[in-house]
Amino acid sequence: MKADTIVYEKKNNDVRLAVLSEGHMVEFDTFSENAAVEGNVYLGRIVRKIELASGNTAFKVNIGDTQDAFLNASEPDLKEVNMSEGQSVVVQVSQEKRAEKGAKLVRNIQIVGTTVVYRPFRMGVDVSSKITDKEKIKEYRSAVFSQIKGQEGWAIRTAAVDFDVNTVLEEMVKLRGIYENIRIRARNASAPALLYTREDPLYEYIRRHKDDLKKIVLNNHNVEKDVQGFIDLPVEYDANPFETYGLEDELIEALSRSVSLKSGGKIYIDQTKACVTIDVDSGSVKEGSNAYDLNNEAAEEIVRQIRLKNLSGKIIIDFAGSKEYHYMKPVIEILETGLADDPSKGHVLGLSKAGNIEILRQRRRPSLIDMYTEDCPTCQGTGRVEK
């Protein structure tokens with residue numbers, strides 16, 4: 001997905017960020033510096049032990065957020081933790097809270113940098129599958145291996161090839177230092193306590209879209225100076241960038257369950273606790289159009305809506321017209337192409353026996369509707385009221 005502008009607005013501890021393509025919002029993010037954001041590391045306090053139906057054990061953990069978080073006792077590469085109420089544990093947020101569910105935690109901490117990821121509880125060196133230059137892979141992997149100390153692991157990110165090897169090695173030292181500081185703070189802190197705050201997501205968005213970005217718009221002079229030192233792009237200051245770019249109206253529109261198509265059709269999007277359902281309705285399709293054209297147009301818009309609304313988990317799409325595979329194949333290809341660079345790893349599963357197309361997308365952050373709305377106390381979240 002090509003994006004030409006990033007709009008960043010920070011007011012007190014709250015941040016809103018929009019990614020634009022030709023003036024229209026294609027991605028949106030919002031977070032509070034006081035909230036348990038994905039990547040933050042905490043010294044948590046065990047509140048309650050839970051016996052899961054699978055026979056495994058889990059814990060409710062107080063990390064100072066408004067809801068207790070969830071920690072599974074068993075994790076890959078780590079021995080199963082056996083703790084009791086009142087004990088402290090160092091954890092990292094792997095999934096932020098949404099709706100009535102608290103954040104999910106892991107003990108397998110990772111410190112993410114620009115070129116590498118430090119993984120103190122794993123061993124070996126992994127390389128991003130998006131790096132295709134075999135000589136670069138060999139050079140960078142060898143360099144990272146040569147600097148490994150003791151039992152630790154590293155992952156070389158796609159962006160590493162944009163930097164020389166020495167920059168990668170310097171960042172290794174920096175990330176080790178961050179983790180050592182986490183350990184020191186954990187020894188001296190009383191749970192619950194924040195030990196490490198992840199990098200401002202703005203820089204991750206810049207890295208992701210740097211090849212197509214034309215400018216960045218900010219309302220914070222401190223961030224403006226940092227960004228100018230981070231990337232060579234025009235940086236504009238605007239006191240109220242969301243208002244200037246008409247993004248307040250786009251946000252209101254994005255919260256609607258229906259999306260109108262140029263052909264006259266409509267898309268209806270409903271989020272439930274189990275899954276997301278999307279229905280393509282031919283509606284008042286304009287003369288000369290057909291289900292094939294409608295579905296192709298809808299597929300392109302659905303990709304945009306998935307990323308804009310941050311829809312995740314199981315997504316079931318009911319397209320218009322015939323459900324035979326040869327009719328649905330072009331639609332599947334549009335969805336796969338649109339999600340190919342999706343950071344939340346949207347995976348098109350294909351056509352189900354019921355004739356629906358299913359997508360599985362990693363749940364990392366709350367959806368747009370979870371960020372801005374809550375269940376109606378009158379209809380209790382059904383969207384329907386008594387006659």
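Buried means under 20% relative accessible area, exposed means over 50%, and partly exposed is in between, with a 1.4 Å probe and protein chains only. By that rule Asn310 is buried, since its relative accessible area is 13%. Welcome to a short tour of this predicted model, where local features need pLDDT of at least 70, side-chain atom pairs count only at pLDDT 80 or more, and totals for chains, interfaces and linings use all residues. Residues are numbered from 1 along each chain as its sequence is written, and side-chain values use heavy atoms, with hydrogens and water left out.

- Helices (H or I, at least four residues) and strands (E, at least two) are DSSP runs, numbered from the N terminus.
- The expected span of a helix is 1.5 Å times one less than its number of residues.
- Helix α7 has 19 residues and reaches 25 Å from its first C-alpha to its last, close to the 27 Å expected.
- Just after α7 comes Asn310, with a positive phi of about 55 degrees; this residue sits in the loop between α7 and β19.
- Helix α8 (residues 325-338) has 14 residues and should span 20 Å, which agrees with the 19 Å between its end C-alpha atoms.
- Along α8, the buried residues are Met328, Pro330, Val331, Ile332, Leu335 and Gly338.
- The cover over those buried residues includes α7 (291-309), β19 (313-318), β20 (347-351) and β21 (357-361).

**Nonpolar cores**

- A nonpolar core is a set of buried Ala, Val, Leu, Ile, Met, Phe, Trp, Tyr and Cys residues joined through side-chain atoms within 4.5 Å.
- The largest one has 26 residues, and Ile278, Ile302, Phe319 and Leu335 have the most contacts inside it.
- Two or more residues of this core come from each of β17 (266-271), β18 (276-281), α7, β19, α8 and β21.
- Helix α7 gives the most to this core, with six residues.
- Contact means heavy atoms within 4.5 Å; leaving aside neighbours within four places in sequence, Ile302 touches Ile267, Ile278, Val280, Ile317, Phe319 and Leu335 in this sense.
- Another core, of 24 residues, lies apart from it and has Ile111, Ile156, Met172 and Tyr196 among its members.

**Surface**

- Leu255, Ile369 and Tyr372 form a nonpolar surface patch with about 220 Å² of accessible area together.
- Patches are made of residues with over 30% relative accessible area and no salt bridge, joining like charges within 9 Å and nonpolar side chains (Val, Leu, Ile, Met, Phe, Trp, Tyr) within 5 Å.
- A salt bridge is a side-chain nitrogen of Lys or Arg within 4 Å of a carboxyl oxygen of Asp or Glu.
- Accessible areas come from the Shrake-Rupley method with a 1.4 Å probe, and for residues only the protein chains shown count as cover.
- Ile369 belongs to helix α9 (residues 368-372) and counts as partly exposed because its relative accessibility is 31%.

**Loops and backbone details**

- Glu22 is not a glycine, yet has a positive phi of about 55 degrees.
- The loop between β2 (14-21) and β3 (24-32) holds Glu22, which counts as exposed at 70% relative accessibility.
- The peptide bond from Ala191 to Pro192 is cis, with omega near 0 degrees, and Pro192 is placed in the loop between α2 (165-188) and β13 (193-196).
- Gln67 is in the loop between β5 (57-62) and β6 (69-72) and is partly exposed, with a relative accessible area of 25%.
- Gln67 and Ile184 are 117 residues apart along the chain, and 26 Å separates their C-alpha atoms.
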